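Student: I have a new structure to read and would like to learn how to describe it. Could we go through it feature by feature?

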Amino acid sequence: MTDSPYDLAPGDTSIFPRAHGRAPSGVLVYAIGLVLAVVLTATSFWAANTPLLWAPGVPLGLAVLAIAQIGVHLVFFLHITTGTDNTNNVLALAFGLLIVFLVIAGSLWIMTNLNAHMMPSPELMNLQMQR
Amino acid sequence: MSIAATIGEVGQQTLPSASEAGPAPKRIVVAFGFWIFLLSDIVMFSALFAVYAVLVHATAGGPAGAQLFNQHSVAIETACLLASSYTCGMMSLAIGSRRRAVTYVFAALTFALGAAFLALEIREFAGMIAIGATPQRSAFLSAFFTLVGCHGFHVAAGLIWLVVMMAQVAIKDFRPVVVRRLLCFALFWHTLDIIWIGLFTIVYLMGVAP
């Protein structure tokens with residue numbers, strides 16, 4: 001829904017009124033973002049310290065909360081949205097996330113595989129990796 | 001126009017398409033270029049995160065994360081950085097409406113909260129080094145200090161940048177080049193908060209999770 005022939009700059013909210021409905025004010029956008037981020041952060045800290053949750057599931061839950069909060073920051077603070085005027089920014093972000101995924105998942109995969117196949121003597125293993 | 005604006009017809013109404021309209025305004029080009037830089041910075045951090053994840057158990061008999069990390073300190077650091085991200089957003093709005101006094105107030109708040117974050121982190125590092133948990137102690141601690149220290153260095157650079165920008169607002173006023181730099185600063189500051197989300201989750205919370 002763009003009145004400009006250009007994409008928005010990242011971090012800019014549209015300076016034109018939306019074609020239907022009213023764009024929310026900037027203060028409201030940042031306030032919603034802050035509330036959501038505080039709730040997600042507080043939940044993360046609570047989940048990491050509570051004895052109520054099933055311990056092996058906590059790291060997965062923390063990862064989900066972190067990804068949700070990153071999404072909140074992207075949308076409400078950086079104004080990276082799925083709007084038609086944001087295509088370039090989203091495509092750049094998608095490529096960045098692909099590289100991030102490849103670097104982290106690839107490193108962990110290769111190093112786990114290496115550790116599983118090298119099978120050094122237990123003493124040598126202890127020198128390298130004190131578990 | 002609003003009635004005709006169905007999904008398929010967007011962008012083909014009164015204005016020329018992007019290719020017909022010529023180069024984009026400088027503000028959009030600058031901010032997009034800075035966004036590419038920030039994404040490359042995130043890719044660099046992802047390499048440091050990968051190193052940390054690989055070496056997190058390589059404590060070489062030294063202290064592990066669960067013995068070193070103080071949850072309360074990390075919670076306050078997180079709150080400081082999140083609040084400073086919010087005040088930075090308020091500063092962007094004040095810049096958008098060219099209100100100079102409000103801009104200074106929120107810049108000062110952003111600086112104070114960022115500086116509080118940095119002070120807490122330095123105190124945490126000093127406490128760890130005092131009990132012998134130095135970067136030389138184990139591969140885990142090397143990776144920890146590299147990852148968290150790199151983020152702290154970014155925050156320190158951001159604080160210096162913020163001071164420079166406020167001096168430019170004071171001397172040069174809201175001329176377009178200064179406003180573009182302020183937009184880049186806001187993007188930088190929000191991105192640091194995004195990296196901190198990954199940091200406190202992976203390093204601190206997963207490090208002490210039961």
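Tutor: We start with a term. A nonpolar core is a set of buried Ala, Val, Leu, Ile, Met, Phe, Trp, Tyr and Cys residues joined through C-beta atoms within 7 Å. A residue is buried if 20 or more other C-beta atoms lie within 10 Å of its own. Keep in mind that this is a predicted model.

Student: Which members of the largest nonpolar core touch the most other members?

Tutor: That core has 76 residues, and those touching the most other members are B:Ala31, B:Phe144, B:Phe185, B:Leu187, B:Phe200 and B:Val203. Both chains take part: helix 1 (26-49) and helix 2 (58-77) of chain A each supply at least two residues of this core, as do helix 1 (26-55), helix 3 (71-96), helix 4 (100-130), helix 5 (139-172) and helix 6 (176-208) of chain B. Helix 6 of chain B gives the largest share, 19 residues.

Student: What is B:Leu187 in contact with, leaving aside its neighbours within four places in sequence?

Tutor: In chain A, its contacts are A:Pro10, A:Gly11 and A:Leu78. In chain B, they are B:Ala31, B:Phe34, B:Trp35 and B:Leu38.

Student: How many helices and strands does chain A have?

Tutor: Chain A has four helices and zero strands, and along the sequence its pattern reads α-α-α-α. Of its 131 residues, 24% count as buried. Now take the contacts in chain A between residues at least 6 apart in sequence: 59% of them join residues at least 24 apart.

Student: Next, pairs of helices. What describes two packed helices?

Tutor: Two packed helices are described by the angle between their axes and by the distance between those axes. As a case, the axes of helix 5 and helix 6 of chain B come within 10 Å and cross at roughly 160°.

Student: Is helix 5 of chain B roughly parallel or antiparallel to helix 6 of chain B?

Tutor: Angles over 145 degrees count as roughly antiparallel, so helix 5 of chain B is roughly antiparallel to helix 6 of chain B. Helix 5 passes helix 6 of chain B in a left-handed crossing. By class, their contact has 18 nonpolar, four polar and two charged residues.

Student: Where do I find a pair that joins the two chains?

Tutor: Look at helix 3 (residues 87-118) of chain A and helix 1 of chain B, whose axes come within 9 Å and cross at roughly 15°. Angles under 35 degrees count as roughly parallel, so helix 3 of chain A is roughly parallel to helix 1 of chain B. The crossing of helix 3 of chain A and helix 1 of chain B is right-handed. Among the residues making the contact are A:Ala92, A:Gly96 and A:Val103 of helix 3 of chain A, and B:Trp35, B:Leu39 and B:Val43 of helix 1 of chain B. The residues of this contact divide into 19 nonpolar, five polar and no charged.

Student: How many residues of chain B are in contact with chain A?

Tutor: 55 residues of chain B are in contact with 52 residues of chain A. On the chain B side, helix 1, helix 3 and helix 6 each give two or more residues, and the largest share, 15 residues, comes from helix 1. By class, that side of chain B has 39 nonpolar, 14 polar and two charged residues.

Student: What about the backbone? Which value of phi does B:Ala60 have?

Tutor: Phi of B:Ala60 is near 50°, a positive value in a residue other than glycine. B:Ala60 lies in the loop between helix 1 and helix 2 (65-68) of chain B. It counts as partly exposed because it has 14 C-beta neighbours inside 10 Å. A second case is B:Asp173, with phi near 65°, again a positive value in a residue other than glycine. B:Asp173 is found in the loop between helix 5 and helix 6 of chain B.

Student: Is B:Asp173 buried or exposed?

Tutor: B:Asp173 has 11 C-beta neighbours inside 10 Å, so it counts as exposed.

Student: And where is B:Ala66 placed?

Tutor: B:Ala66 is in helix 2 of chain B. With 10 C-beta neighbours inside 10 Å, B:Ala66 counts as exposed. Not counting residues up to four places away in sequence, B:Ala66 touches B:Gly207 and B:Val208.

Definitions and conventions:
Residues are numbered from 1 along each chain as its sequence is written. Chains are lettered from A and ligands numbered from 1 in the order in which they are written. This is a predicted model: local features need pLDDT of at least 70, side-chain atom pairs count only at pLDDT 80 or more; totals for chains, interfaces and linings use all residues. A residue is buried if 20 or more other C-beta atoms lie within 10 Å of its own, exposed if 12 or fewer, and partly exposed in between; C-beta atoms are placed from the backbone. Two residues are in contact if their C-beta atoms, placed from the backbone, lie within 7 Å. Axes are lines fitted to C-alpha atoms, for helices over the stretch in contact, and angles run from 0 to 180 degrees between N-to-C directions. Angles under 35 degrees count as roughly parallel, over 145 as roughly antiparallel, 65 to 115 as roughly perpendicular and the rest as oblique. A crossing is left-handed if the near helix is turned anticlockwise from the far one by less than a right angle, and right-handed if clockwise. Ala, Val, Leu, Ile, Met, Phe, Trp, Tyr, Cys and Pro count as nonpolar, Asp, Glu, Lys and Arg as charged, and the others, Gly among them, as polar.
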